[in-house]
Amino acid sequence: MNPISGKRIIVLGGAGFLGSHLCERLLTEGASEVVSIDNFITGDARNHAELRKSPRFVSLHHDITEPFSFDGPVDFVFNMASPASPIDYAQLPIETLRVGSLGTENGLRLAQAKGAVFLQASTSEIYGDPLVHPQREEYWGNVNPIGPRSCYDEAKRYGEAIVAAYRRAHKVRTRVVRIFNTYGPRMRLNDGRVVPAFVGQALRGEDFTVFGDGSQTRSFCYVSDLIDGIVRLAVSDVEEPVNIGNPREMTILQFAEAVRAAMGGGSRITFQPLPKDDPKQRQPDITRARQLLGWEPRVSLEDGLRETIAYFRRLTGQPSREPHTLVDAGPAV
């Protein structure tokens with residue numbers, strides 16, 4: 001039996017890039033009701049355009065740093081709420097810290113009261129500028145606690161700590177996913193992350209801006225693969241953190257070339273100084289996900305970029321090429 005079917009599910013931050021894709025997947029899996037809670041500070045109501053057509057979807061405008069409650073049963077609480085791009089958390093440092101602390105605890109209190117599973121969306125940023133490569137879940141990280149990225153890094157580290165505390169002290173059934181770089185439709189062109197930055201520059205006929213010398217590495221996971229991993233983790237009995245991301249590592253220069261090829265050429269590369277505390281390496285060790293969840297990414301970078309670029313072309317009103325049909329991630333297991 002599908003473990004999501006018939007369940008009532010709360011998604012905190014359900015109007016965001018990842019949250020909206022998660023809501024869509026949960027409805028597809030047969031959830032009886034999916035309730036998105038979002039204050040729309042970085043989320044977008046347009047991400048709910050298709051979801052609102054379902055009578056099983058509810059969108060609530062609320063800041064989760066303020067207490068909230070629900071009548072009736074709740075089976076899962078997914079905490080996807082937080083500013084997540086460098087531009088967002090540079091402009092919203094206090095809000096980022098508050099949602100990672102107060103917001104996470106309010107979600108945990110709801111899960112405790114309802115006997116629900118609580119899934120915390122953590123991040124590869126808890127590893128900071130890593131001294132271990134690739135990054136395994138046992139690694140404690142190398143984080144500057146007062147640097148320009150600290151509001152996000154430390155909010156997520158605190159989030160994991162309070163999740164662990166609620167599991168130990170209150171027996172809440174918790175799951176923690178550490179999300180590595182993810183891309184796909186519904187990202188914002190101006191959110192500061194490298195995928196929309198390069199695609200947006202290419203669509204505008206601008207040069208690519210590479211920070212540093214471009215030798216820093218990242219790994220890019222397509223959104224449908226990531227959401228599949230999150231759902232698999234939620235319905236598992238795995239309590240320890242699990243990395244979900246694509247282990248295919250590449251330099252930023254290599255990624256710029258991949259975007260240029262997907263766009264059909266154009267766009268020169270220009271260089272800017274590397275931001276403070278920008279990680280030099282980022283690659284997940286996904287052994288735990290493979291062994292415990294039977295998960296690994298299935299969508300190639302080439303196919304994922306094709307879909308993402310087609311989305312941004314539609315968003316900006318540019319002529320769109322027919323996107324490639326991606327492999328369906330399949331039902332939750």
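Predicted model: local features only at pLDDT ≥ 70, side-chain atom pairs only at ≥ 80, totals over all residues.
Biologist: Why is the contact of R186 with E24 called a salt bridge?
Modeller: The closest N and O atoms of R186 and E24 are 2.9 Å apart. A salt bridge needs a side-chain nitrogen of Lys or Arg within 4 Å of a carboxyl oxygen of Asp or Glu, so the pair R186 and E24 counts as one.

Biologist: Is R186 buried or exposed?
Modeller: Its relative accessibility is 16%. Buried means under 20%, so R186 is buried.

Biologist: And why is E24 called partly exposed?
Modeller: E24 has a relative accessible area of 32%. The class lies between the cut-offs of 20% and 50%, so E24 belongs there.

Biologist: How do you know that E239 and R167 form a salt bridge?
Modeller: Their closest N and O atoms are 3.7 Å apart, and the limit is 4 Å, so the pair qualifies. This pair links distant parts of the chain: E239 is in the loop between α6 (223–234) and β11 (242–244), R167 is in helix α4 (residues 150–170), and the two are 72 residues apart.

Biologist: How many salt bridges does the rule give?
Modeller: The count is 24. R25, E29, D228 and R232 are linked in a network of salt bridges.

Conventions
Residues numbered from 1 in each chain as written. Heavy atoms only, no water. Buried < 20%, exposed > 50% of the residue type's maximum accessible area, 1.4 Å probe, protein only. Helix = DSSP H or I, 4+ residues; strand = E, 2+ residues; numbered from the N terminus.
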